[in-house]
Amino acid sequence: MNPGTLSRLIIIALAAVLLLPASLIFIVRPAMYTMVEHNAEKESVIIARHMISMATMDNDHGDATISIATLSAHDSLIRPDFNILKIKLYSPGGEVLFSSAPGDIGVKSTQEYFWNTVARGKTHSELVKKNSPTPEDEIVEVDVVATYVPIMDNGRFQGALEVYLDITDKKEELEELMTRIYFSVIPLVAAAFFVLAFFCLRLQRTLKSQANTEAALAGSELRFRELFSRMNSGVAIFHPTNDGHDFEFLDFNSAAEKMDKISRADVLARTLTEIYPETRESGLLDVIRRVQKTGKAEHYPSYRYRGEDIESLRDNSIYKLSTGEVVMIFDDFATRENTGHSLRINVEKLRRSLSGTISAMARMVETRDPFTAGHQRRTTDLARRIGQEMGLPAEMIEGIRMAASIHDLGKLSVPAEILSKPGVLSDLEYSLIKVHPQAGYDILKEIEFPWPIAQIVFQHHERLDGSGYPRGLTSKDILLEARVVAVADVVEAMASHRPYRPARRIEQVLEEMTRSKGILFDEAVVDACIRLFINNNYQFPTLDPEVIKPFEIL
């Protein structure tokens, strides 16, 4: 995420927080008042129709004539219970026949709404605010809803009943409620504002730290490329073609150019047998095919190279990379004595550069996650010992050890406050933690290690049954090296103290791993781990958290 995008997200989030109290004032509050008024209108109509029904049933004519006596009796009973200010009964001619205020009797309505709406059988309602005139030009001292309900008999207008419903108390209750809500929201908005600002600041620092790490890794890759170019030994990199029967050149260093008097441009995209046809007869091609197929490095010391004007005895070492590419390193016996010293110096530089890079990455992870300081180093030691117990090749154990030492590298992308949180993580915080294998892979994937370091880091939280993350891989897709690191990682974590839980006894840890083997974890790896603790009395090394030694390459 670039700084510009981050700034825009911060502005949007802060604006959303600040709009909350404004929306309460300008949107929610008016909407609530409107709802109260509409409910009052509906209530007035229900009350009026009920009184019309009751007063009609008590008349002696069997028609829609209202019994004023009955209406008067209901008026005295209903008005106090329903907060009714006044009730009026109008004749078909608009004259007041009955009113809760006797002074209104005999007054005739001259309002247009009465004849254009009510007299035509339609209900009419109006909101009258405090100290404002009613439709009948009366001044009220409270907020009321004036509702006029027509009285009809077979489609003929027989008069109307007017109800003045007092809504002052309801509006005051609503005002009090809105005030409480508003003053409850203000502290929350302020807290959210500062939390968001703090989080954005931390995120910005994290992104900056990640950028620095990526720059350091890019610098390491540049150093590797420089060493490749300056090595006194010839180095050729190629990948299989023609169904593995031949190999196409991908790279060719300057030492190889000088030895064979051929330019890199003339070699790239051409095949091994085209440049070195004698590799078929000498058996070197068969060795390279075997290394590509098995992945095991081989040394082939008796190859005689004959070029156009060159003849020399070659010493060759062939390796397979995790990407499937094959590397061949070769020297001429005739010049070996002269170049041996320089070669040892270059190799030592490469070893130191790789060691320093891995140590720097491990230091950054443990510095960012102080509560698990030493976790990677203890996991590395246990993973290495498990590999030895399983009888894995030394080269594979070296890759396991290298990957385990930086398996949590992706935590550089996780906010520090989440890593150091002493309590149980929320679902959102845990989802951020779960991206660290992907983040570690993204950092490492472009670095050309002799081992599948990036994939091991990517897969160390995958489980055999597909319940792991981030990709939900199943057993057939998970590297053996990643399975070893996964077991060492979980055993070390359960056996170590955390602020939110105590450390488990190693017996409990091994029982848990036994229940999970073959389901979550590789059975052979778990069995080797158990043998270490039970038969070999293995104990985690005691490490000084203040001292991180450079990663030693065997």
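Start by selecting residues 375–389, helix H11, and residues 394–405, helix H12: the two pack at an angle of about 165°, with axes 8 Å apart. (Axes are lines fitted to C-alpha atoms, for helices over the stretch in contact, and angles run from 0 to 180 degrees between N-to-C directions; helices are DSSP runs of H or I with at least four residues, strands are E runs of at least two, and both are numbered from the N terminus.) H11 and H12 are therefore roughly antiparallel, a label for angles over 145 degrees.

This is a predicted model, where local features need pLDDT of at least 70, side-chain atom pairs count only at pLDDT 80 or more, and totals for chains, interfaces and linings use all residues. Residues are numbered from 1 along each chain as its sequence is written, and side-chain values use heavy atoms, leaving out hydrogens and water.

Now show side chains between the helices. On the H11 side, pick residues including Gln376, Ala383 and Arg384; across from them, H12 brings Ile397, Ile400, Arg401, Ala404 and Ser405. Contact here means heavy atoms within 4.5 Å.

Next, move to the open sheet of five strands, ordered E2-E1-E7-E6-E3 with antiparallel pairing. (Two strands pair if DSSP finds at least two bridges between them.) Select 96–99 (E2) and 124–128 (E3): these are the edges, each with a single partner strand, so one side of each has no neighbour in the sheet. From one strand to the next, the twist averages 20°.

Last stop: residues 84–90, strand E1, which pairs with E2 over three bridges in the antiparallel sense. Look for tyrosine 90, opposite valine 96 in E2.

Conventions
Parallel < 35°, antiparallel > 145°, perpendicular 65-115°, else oblique.
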